[in-house]
Amino acid sequence: KTTRIPLIAGNWKMNLDHLQAVAFVQKLHWTLKDAKHEEGSVEVAVFPPFTDIRSVQTLIDADKIPFALGAQDLSAHDSGAYTGEVSGAFLSKLDVGYVIIGHSERREYHAETDEVVASKVSAALKHGIVPVICVGETAEDLEKHGASAVPAGQLEAALDGVSADADIVVAYEPVWAIGSGQAATPQQAQDVCAVLREVVAKALGADAAARTRILYGGSVKAANIAGFMREPDVDGALVGGASLVVDDFAAIIRFQK
Ligand code: PEP
């Protein structure tokens with residue numbers, strides 16, 4: 001765990017237009033600076049809507065703001081007749097380093113199957129973008145199959161065809177915990193993240209498993225982040241609601257202090 005730099009990732013979902021996004025990133029940067037947040041101890045990534053990415057990228061670049069930039073989705077295709085889609089080739093030109101793939105909202109509202117997720121993972125890797133592969137069980141899955149069976153199966157499918165040296169991030173997000181205010185306990189998160197690390201080991205080998213960051217997501221806030229980060233297999237958080245409030249997100253980023 002000590003060799004894995006924690007990643008705190010803010011998934012804004014469909015919130016903040018490009019003007020609000022720029023104001024938010026500036027304010028977050030200054031809040032962390034004022035708090036003397038030590039750069040490098042934690043990696044911070046923001047995942048704005050597509051329409052904000054160019055503006056946020058320009059700001060990060062101009063002001064040398066140490067945040068990574070991520071997208072919330074990408075097309076499985078490189079270019080062509082796919083109306084409304086955005087390709088990894090376009091995103092990588094805007095310094096997008098990460099892309100969320102298979103978020104439960106996309107699986108649910110856009111019918112993204114494990115096969116679609118796997119094809120998007122390979123599209124991201126092809127364009128040098130690190131996929132943040134989201135997996136997690138619904139409340140019904142939890143009752144029927146326990147916590148780890150569904151996320152482990154989703155991850156196994158997503159890693160199909162991925163090479164052993166690929167740079168990936170996994171996010172364990174129990175669907176029942178997303179936006180519900182009811183987070184998993186640190187122990188629940190640890191148990192599933194440990195199983196997911198084994199899935200990575202089996203698919204990509206022991207080195208990949210040791211280096212891959214596995215995040216917990218689902219109602220993470222300033223008051224509960226430290227508990228998750230104490231767990232040996234939890235390497236950060238994917239944060240939704242609390243990533244939209246500067247002081248809350250800054251407090252999550254500064255969890256160790
Ligand atoms: C998410 O959607 O990725 C998420 C974790 O949301 P929230 O933090 O609001 O539960």
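Biologist: Where is His 103?
Modeller: His 103 is in the loop between β4 (98-101) and α4 (104-109). Helices (H or I, at least four residues) and strands (E, at least two) are DSSP runs, numbered from the N terminus. This is a predicted model, where local features need pLDDT of at least 70 and side-chain atom pairs count only at pLDDT 80 or more, while totals for chains, interfaces and linings use all residues. Residues are numbered from 1 along each chain as its sequence is written.

Biologist: Is His 103 buried or exposed?
Modeller: His 103 counts as buried, because it has 28 C-beta neighbours inside 10 Å. Buried means 20 or more other C-beta atoms within 10 Å of the residue's own, with C-beta atoms placed from the backbone.

Biologist: Which residues does UniProt give as "active site"?
Modeller: The unreviewed UniProt entry places that feature at His 103 and Glu 173. They span 71 residues in sequence, yet no two of their C-alpha atoms are more than 8.4 Å apart, so they gather at one spot. UniProt annotations may be inferred rather than shown by experiment.

Biologist: And where is Glu 173?
Modeller: Glu 173 lies in the loop between β6 (169-172) and α8 (186-204). Glu 173 also counts as buried, with 28 C-beta neighbours inside 10 Å.

Biologist: What does Glu 173 touch?
Modeller: Leaving out residues up to four places away in sequence, Glu 173 touches Ser 104, Cys 134, Gly 136, Ile 178, Gly 217, Gly 218 and Leu 238. Contact means that the C-beta atoms, placed from the backbone, lie within 7 Å.

Note on methods. A residue is buried if 20 or more other C-beta atoms lie within 10 Å of its own, exposed if 12 or fewer, and partly exposed in between; C-beta atoms are placed from the backbone. Two residues are in contact if their C-beta atoms, placed from the backbone, lie within 7 Å.
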